[in-house]
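Visitor: I would like to learn how to read the features of a protein model, step by step. Could you show me the structure and begin with its rings?

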Amino acid sequence: MHPLFLKLLELNTVMKLHEKIFDLALKRSFFYPSNEPYGSVSGFYDYGPVGAPMKHRIAELWKRMFLKEEGYLEVESSIITPEIVLKASGHVDNFGDPIFECKKCGTKVRADSFISDKVDGFEWDGKLESLDKTAKEEGLKCPKCKEDFSKAYMFNLMFATGMGGERAPAYSRPETAQGIFTSFPRLFRNHGTTLPMAVGQVGKSFRNEISPRKGLVRMREFTQMELEYFFDPDKPEFPRFKEVADYKMRFMVKGEIKVMTAEETLKKKICPNEIFAYFLVKEWEFYKMVGIDELKMYFRVLGDEETPHYSKRNIDMEVQTSFGIVETIGNAYRTDFDLTQHAKTSGQKFEVAVDGKKFIPHVFEVSMGIDRLYFCMLEHTFREASADKDWEWFEFPPGVAPFDVAVYPLMKKDGLDEKARNVAVMLRKDVDVLYRESGSIGRRYARADEIGVPYAVTVDHDTLQDDTVTIRYRNDGKQERVKINELVEKIKKNIDNEKVSL
Ligand code: GAP
């Protein structure tokens, strides 16, 4: 087993679900540590041939639901960002985590997480002195050499680089959002000079996490799906809010789960406006569509000390996993903070003139990470072996499974393999196909289940006579005979039927 996972095993004698998931992730090519032959650096993972298509499908589904269905704009901004941009946004001065550094060996640990792991119920109040005080009271020492720590200090999380011969200071972006804010004046001019205007993108972000851990949960390079909704603060209504007003979601309020409709979140002043509430509904629906168990997720309003410097209200999506609670989405009412900062620093005009009024638009932001979501999906859709199935499997919703269908010849002889290959070629024009011809058919069904392929098509001797095949359903193992020329339609219909819709 990979040393990373052995380390995890040391912590828990019984194999927990996340350990099992990591083990399966390695074996079945969902994801694995990057640059393995060189020992791998924590916080970097590659998605394998099974995980990569799933990740792309999640991103495509997000684009469809959050951008295309709404008629919003999609961009792809550059990753390397000049220092001045991130100075303006506050990241150069404020984007850090507290660390303890060992006085003797220099080992650095993220101070708040280090204490939380050792001291039950510890919650950081945001002050460095509190970290020093707790470490002293609890006698916390360097995990490597057991010496004292220095006083806690802030460590900037951005990856620095230098551009060109002069190596002008720059950073790999810590969020995709800034590229959207800096493009705002152009996008506003080019796309209708009207509000609301919403712009989104899917792309990599980078954070030099001090102690990356928990696999995909805390990475140094990860993918975000972010949407910035620009609006007139005097008009915070959402055009189609009524359609979702009665939609129910779970919220964590004062340590208790409460079910509330979108409308109620406004009355109780949990959401500051209809825009915020509308997108929470979309997120809830999106999460259900990708297989997150709705009884294991909820929204939580962040306290003042947790709310980022740029936000007037933050509501996170939190998901229960075997690691504990994982924050997977940040929703923020960023007001006019970013646009004002960029206007001041660049000297350019970010103000708009709409309906005879001049102002800097306000921004509501949806910020979702794919990697954490993907890990939660793996945990929530994992199924143990049972009396019906002798093997562990994944119940991925068809739309985000790595392949739509597996195609198998019953045997690799009598022309069944050639016929099955032709069926696979035909299907590949419309759906994603996994093709295998060796091993017993039962073993191959098991292999498809193990990576969550929802349907398997088998070509047998009858196929050669009547051009029909058997389609087997992953969830209940039921089988059905279908004509080859009706197969694409059948598979597409099944995928559609299994979707949860708004
Ligand atoms: N633009 C706002 C922003 O970036 P954030 O709460 O820092 O907000 C949003 O990040 C989401 O990005 C998180 O909810 C999480 O899903 C993902 N994310 C953040 N840091 C991450 C990390 N180190 N590893 C994996 N995903 C991360």
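Guide: Ring pairs link Tyr72, Tyr229, Phe231, Phe238, Phe276, Tyr278, Phe279, Tyr333 and Phe364 into a cluster. This is a predicted model, in which local features need pLDDT of at least 70 and side-chain atom pairs count only at pLDDT 80 or more, while totals for chains, interfaces and linings use all residues. Residues are numbered from 1 along each chain as its sequence is written, and side-chain values use heavy atoms, with hydrogens and water left out.

Visitor: How many aromatic pairs does the structure hold?

Guide: Rings of Phe, Tyr and Trp (its six-membered ring) pair if their centres lie within 6.5 Å, and planes under 30 degrees apart count as stacked, over 60 as edge-to-face and the rest as tilted. The structure holds 34 aromatic pairs. One of them joins Tyr229 and Phe231, a tilted pair with 6.1 Å centre to centre and 45° between the planes.

Visitor: Is Tyr229 buried or exposed?

Guide: Buried means under 20% relative accessible area, exposed over 50%, and partly exposed in between (1.4 Å probe, protein chains only). Tyr229 has a relative accessible area of 2%, so Tyr229 is buried, and Phe231, at 2% relative accessibility, counts as buried.

Visitor: How are the planes of Phe323 and Phe375 set?

Guide: Their planes lie at 40° with the ring centres 5.3 Å apart, so the pair of Phe323 and Phe375 is tilted. Helices (H or I, at least four residues) and strands (E, at least two) are DSSP runs, numbered from the N terminus. The pair links distant parts of the chain, 52 residues apart, with Phe323 in the loop between β15 (314-321) and β16 (324-335) and Phe375 in helix α13 (residues 370-381). Phe323 and Phe375 are buried.
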